[in-house]
Amino acid sequence: MSSEYDFDFIVVGGGASGCVVASRLAQSEQRPKVLLLEAGSKNDDVSYRFPADRFKTFQEPTMNWGYKTVPQTHLKGQQIDYSRGKGLGGSTAINFACWLIGADEDYNEWARKVGDDAWSWTNVKERLKKIENYHVDVPEEGKRYISPKEADHGISGPLHLSYADPWEKGVTDVFKAAEELGLDVNPDVNSGNPLGMGMGATCMYQGSRTTASAYLENAPPNLTVKVNSPVARVLMSGSRATGVRTIEGSDFSAKYDVILSGGALNSPHLLMLSGIGPAEELKKHGISVVQDLPDVGKNLQDHYFSTAVLLQRPGTDDRSEFEGMSPEAMAATRAQHIKDKKGILSSLYCSVPMGWFKNDAVYMSEEYKALDKHTQEFLKKPHVPIYELATHAPPLFVGDYVLQPEDSYLTGLAFVMNPQSTGEVTLYSADPSDAPRFDPNLLSHPYDRRVMIEAMRKMLEYLEAPIFKQNTVKMIGCPASKSDDDIWSHCAGNIFSSWHMCSTVRMGKKDDKGACVNPDFRVRGVENLRVVDLSVIPLLPNNHTQSTAYLVGETAAEKLIAEYGLDQGQPPRV
């Protein structure tokens, strides 16, 4: 291909979307020259891949941008952890490794919003199969409750997904508790209908965590991957993107497209540093305006949750013995796992039951009735949930109790789905080395507060199920009562982000004035510049969004390959 340019395509960001689109473009028949730039390192240390570390890998400072929100004054001044993955794999290397895809109606609504049937459930379902290598085997003790079918999932994609074997002690009690309380149990929450207590697969296989870097294995020679290469800005010639400049000062040019895949926090940041965004925000920091796009950085959405913890009789779970290991014993356990990839590090913390539910109290509330008609109708669709409940996370908040080495516990999480609150990403400065400013405005909308209260109330009821009561000492890190006021007081000081940030460079139809990119991922008013990551999605699906990030990458790759004729025998179309 043309020697006038360094590369045909440049992809900025080696997370889920970036790894997918770079890999798929490079593997197309025309074998275009593709450059993947990643700000962080390779993240290839085997110690980062222990499945049992899924809840603590984010604490590795070299793998995390370490972002925090501005204080949320309406939430007792909390600064929320806004972790984002750094290095190859992006956030798939540090998140909690859950594979959940959401409701079929999420995708049909997405297709309606952007006017593109590529996002309808019928098409999305097949594209997800290209991603998945879904190992559906479930341990014998779990088959009564969880039973995904190979026919419903991909079994030859790059990303291996599986269930722990064995499940850790107490996991089956979660499903027994649901039955005791008359809640549905869902054998496959990844079927397009997530309703009921269930459990998706985990991003792990044969004793190792799996991440988006799986797409870079056996990369063809026309794909160049450069790590430790943070980008300062997109290079422009008039209204056309021509390449990128790194913070170190290296320039790379692209014959066709520059593709930003930095995620919902970093992509709007890079756009604004490049003169693309709200004109007033750019001028405030002395940045020349290339394209005034007022909604870049706006419409920030996220899932968030609060917790309550059951303190249980010693021996109720398997975790206390593991968590109390001496440093020498832990080192020996880890060394053995590297050799055989079996045992406790492939079982503990590797099964996280999750369920999605509707709620009549929310439907009857004044907060629901105050929503616009279309939103009300969407929330009433058969497979669209109101909230999510989950268990078997670490004890994230225990109030004034101090956990003892012998303590057993069960952590319950209550999540708000379909949040109506929105926030923003703005600049602190024009220096690309400075982090942007994040104000997610979590739980600021009355509807979200109502859902949070009802979700926590249901979680408190759930934790009182007979199967749990027989081993319960007391509840800790919880509301003082089930009243609205006590629940809200607890949640307002005990809120966590799910790290599902999205929609800050939102996709939309031609007549959608708030849209920043079109359905083909092109930035409005700018040639040869696309954004391919969770920042473009027009709604926050009822899932855990890493699956959506992979999906965005696959969809963009399909569109680019078709548009440029990269799977045809002739040279690419311009």
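Predicted model: local features only at pLDDT ≥ 70, side-chain atom pairs only at ≥ 80, totals over all residues.
The largest cavity has a volume of about 120 Å³, and the model holds three cavities of 30 Å³ or more. Of the 16 residues lining the largest cavity, those closest to its centre are Gly170, Gln312, His392, Tyr409 and Leu410. Two or more lining residues come from each of strand E16 (387-393), strand E17 (408-416) and helix H13 (466-469). Sorted by class, the lining has five nonpolar, six polar and five charged residues.

From the cavity we can turn to the nonpolar cores. The largest nonpolar core has 139 residues, and those with the most contacts inside it are Tyr462 and Leu529. Helix H12 (residues 446-462) gives the most to this core, with nine residues. If the neighbours of tyrosine 462 within four places in sequence are left aside, tyrosine 462 is in contact with Val174, Phe175, Ala177, Ala178, Leu181, Leu183, Met197, Thr391 and Phe468.

Helix H5 (residues 263-273) is mostly covered, since eleven of its eleven residues are buried; among them are Gly263, Asn266, His269 and Leu273. After H5 comes glycine 275, whose phi is positive, near 85 degrees.

A pair of aromatic rings is described by the distance of the centres and the angle of the planes. In the whole structure there are 26 aromatic pairs, one of which joins phenylalanine 55 and phenylalanine 96 edge-to-face, with 4.9 Å centre to centre and 65 degrees between the planes. Both phenylalanine 55 and phenylalanine 96 lie in the loop between strand E2 (34-37) and helix H2 (104-114), so the pair ties together parts that are 41 residues apart in sequence. Phenylalanine 55 counts as buried because its relative accessibility is 10%, below the 20% cut-off, whereas phenylalanine 96, at 26% relative accessibility, counts as partly exposed.

A further pair is formed by tyrosine 363 and tyrosine 368, whose ring centres are 5.4 Å apart and whose planes stand at 80 degrees, so this pair is edge-to-face. Tyrosine 363 is buried, with a relative accessible area of 12%, and tyrosine 368 counts as buried at 4% relative accessibility. Elsewhere, ring pairs link Tyr107, Trp110, Trp119, Trp121 and Phe521 into a cluster.

Conventions. Residues numbered from 1 in each chain as written. Heavy atoms only, no water. 1 Å grid on protein atoms, 1.4 Å probe; cavity = no way out; pocket = protein on both sides within 12 Å on 5 of 7 lines; lining within 4 Å. Points joined across faces, edges and corners; volume = space filled by probe spheres on them. Helix = DSSP H or I, 4+ residues; strand = E, 2+ residues; numbered from the N terminus. Nonpolar A, V, L, I, M, F, W, Y, C, P; charged D, E, K, R; others polar. Buried < 20%, exposed > 50% of the residue type's maximum accessible area, 1.4 Å probe, protein only. Core = buried A, V, L, I, M, F, W, Y, C linked by side-chain atoms within 4.5 Å. Contact = heavy atoms within 4.5 Å. Phe/Tyr/Trp six-rings, centres within 6.5 Å; stacked < 30°, edge-to-face > 60°.
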